[in-house]
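Please open the structure in your viewer and keep the sequence beside it. The tour below goes from the whole chain to a few selected side chains.

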Amino acid sequence: LALCLLGAQARADEAIVVQKAAGQSNPRLYLKAFSGPAALRERLLNDLHYTDWFTVTEAAGEADYLAEVTVIERPGANQVSLALSDHLGNPLGTLEQRGDHSVAHLARSAVDNLILRVFKAPGPCHTRLAWVRQEGRHKEIWQADFDGGNPNRLTHNSSLSVEPAWS
């Protein structure tokens, strides 16, 4: 099984190395408030989980960071705002995502920007996975979102397609 992480922010020849010391845990994030569709709240929490940069906690007292998210849906002018504060409630800034993209796309951008703000590293939410899948006697190339969602077959060669790459 071949697997590639492909990011819009990283060039093919650029290596990104992220390390965490043994025994070091992820900072804890508490979602203090969320204003918007419940399904989007769940997607945002899933994205935070799948990125594995934060541990989302259910108790504000255990959190290193507090987040308040506001979602506004308007035709052609959607907005997702993520206000971040430290565990004492001191404001650390607000990450604004606006545009004609879906609010789900903007929420993923907010998670990526949160990771960039806290860790100074690009977030993975807009990366794509590529892999080779055996289909009978043939191998075809597939792609999906970073969390495995929206799988899509890229090749239909009925042969051996085995080296996924983006340029």
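Helices (H or I, at least four residues) and strands (E, at least two) are DSSP runs, numbered from the N terminus. With the chain drawn as a cartoon, you can follow the elements from the N terminus on in the order β-β-α-β-β-β-β-α-β-β-β, which comes to 2 helices and 9 strands. This is a predicted model, in which local features need pLDDT of at least 70 and side-chain atom pairs count only at pLDDT 80 or more, while totals for chains, interfaces and linings use all residues. Residues are numbered from 1 along each chain as its sequence is written, and side-chain values use heavy atoms, with hydrogens and water left out.

Next, show the surface of the whole protein. Its accessible area, computed by the Shrake-Rupley method with a 1.4 Å probe, comes to about 10100 Å², and 50% of this belongs to carbon and sulfur atoms. Of the 167 residues, 37% count as buried, where buried means under 20% relative accessible area, exposed over 50%, and partly exposed in between (1.4 Å probe, protein chains only). If contacts (heavy atoms within 4.5 Å) with a separation of 6 or more are considered, residues 24 or more positions apart account for 47% of them.

Now select W131 and W142. Rings of Phe, Tyr and Trp (its six-membered ring) pair if their centres lie within 6.5 Å, and planes under 30 degrees apart count as stacked, over 60 as edge-to-face and the rest as tilted. By this rule the count comes to 4 aromatic pairs. How are the rings of W131 and W142 arranged? Their centres are 6.4 Å apart and their planes stand at 20 degrees, so the pair is stacked. The pair links distant parts of the chain, since W131 belongs to strand 7 and W142, 11 residues apart from it, to strand 8 (residues 138–145). W131 is buried at a relative accessible area of 17%, and W142 is buried at 14%.

Then select W53, F54, Y65 and F119, which form one aromatic cluster.

Finally, go to K120, in the loop between helix 2 (103–119) and strand 7 (128–135). K120 has a positive phi of about 60 degrees although it is not a glycine, and it is exposed, with a relative accessible area of 66%. The last stop is S158, in the segment after strand 9 (152–153), where phi is near 50 degrees, again positive in a residue other than glycine; S158 is partly exposed at 49% relative accessibility.
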